[in-house]
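Subject: Structure handover

Hello,

Here is the structure I promised to pass on. Please open it first, then read my notes below.

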Amino acid sequence: ILICGNGIGMSIVANKFPGVRAALVFTEKMAKETQEHNDSNVLSLAGRDLPLDTNLKLADIWLKTPFTNVERHARRVEEIKDIEKAVSK
């Protein structure tokens, strides 16, 4: 879990590393869906722009939500991995 002022810079940098699927979230829905739909493995939060209690709630939701592995979501994650492999050569 990454935390900086608005979370943008941290998420950009994190996504430069192979295998990282970092998501910047601001809402409970975003925290849930980035796990369910994208199997994110890094959470980026806005420490300055959101209250502490909101960030704690977002992190809790993100940590407790599993990847649904529905066909269209699994296909999307595989496409992301394929793109990463292609540009890493």
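One definition before we start: helices are DSSP runs of H or I with at least four residues, numbered from the N terminus. By that rule, Met-30 sits in helix α2, which covers residues 28–38. Please keep in mind that this is a predicted model.

Start with Met-30. Its relative accessible area is 33%, so it is partly exposed, between the cut-offs of 20% and 50%. Setting aside neighbours within four places in sequence, Met-30 contacts Leu-24 and Val-25. Ile-61 is 31 residues away from Met-30 in sequence. In space, the C-alpha atoms of Met-30 and Ile-61 are 9.6 Å apart.

Other parts of α2 are buried. These residues are Ala-31, Thr-34, Gln-35, Glu-36 and His-37. What covers them? The cover for the buried residues of α2 includes β2 (22–24), α3 and α4. Just after α2 comes Asp-39, with a positive phi of about 50°.

**How α2 meets α4**

Now look at α2 against α4. Their axes lie 8 Å apart, and the packing angle is about 80°. The two helices are therefore roughly perpendicular to each other. From α2, the contact uses Glu-36, His-37 and Asn-38. From α4, it uses His-73, Arg-76 and Val-77. Sorted by class, the contact of α2 with α4 has one nonpolar, three polar and two charged residues.

Glu-78 also belongs to helix α4. With a relative accessible area of 41%, Glu-78 is partly exposed. Glu-78 and Ser-40 are 38 residues apart in sequence. From C-alpha to C-alpha, Glu-78 and Ser-40 are 12 Å apart.

**The nonpolar core**

Which residues make up the largest nonpolar core? There are eleven: Ala-23, Val-25, Ala-31, Leu-43, Leu-45, Ala-46, Leu-50, Leu-58, Ala-59, Ile-61 and Trp-62. Two elements give two or more residues to this core, namely β3 (42–46) and α3 (52–64). α3 gives the most, with four residues.

Not counting residues up to four places away in sequence, Ala-59 touches Ile-1, Leu-43 and Leu-45. Leu-43 and Leu-45 are also listed in the core.

**Asn-55 in α3**

Helix α3 also holds Asn-55. Is Asn-55 buried or exposed? It counts as buried, because its relative accessibility is 7% and the cut-off is under 20%. Leaving out neighbours within four places in sequence, Asn-55 is in contact with Leu-45, Ala-46, Gly-47 and Leu-50. Leu-45, Ala-46 and Leu-50 are listed in the nonpolar core.

**Thr-65 in the loop**

Last stop: Thr-65. Its place is in the loop between α3 and α4 (71–87). Thr-65 has 12% relative accessibility, so it counts as buried. A polar atom of the Thr-65 side chain lies 2.7 Å from the backbone oxygen of Ile-61. Ile-61 is listed in the core as well. With neighbours within four places in sequence left aside, Thr-65 is in contact with Lys-32, Gln-35 and Glu-36. Gln-35 and Glu-36 are among the buried residues of α2. Glu-36 is also part of the contact of α2 with α4.

Best wishes

Methods
Residues numbered from 1 in each chain as written. Predicted model: local features only at pLDDT ≥ 70, side-chain atom pairs only at ≥ 80, totals over all residues. Heavy atoms only, no water. Core = buried A, V, L, I, M, F, W, Y, C linked by side-chain atoms within 4.5 Å. Buried < 20%, exposed > 50% of the residue type's maximum accessible area, 1.4 Å probe, protein only. Contact = heavy atoms within 4.5 Å. Polar contact = N/O pair within 3.5 Å; in protein donor to acceptor, adjacent residues only side chain to side chain. Axes fitted to C-alpha atoms, helices over the stretch in contact; angles between N-to-C directions. Parallel < 35°, antiparallel > 145°, perpendicular 65-115°, else oblique. Nonpolar A, V, L, I, M, F, W, Y, C, P; charged D, E, K, R; others polar.
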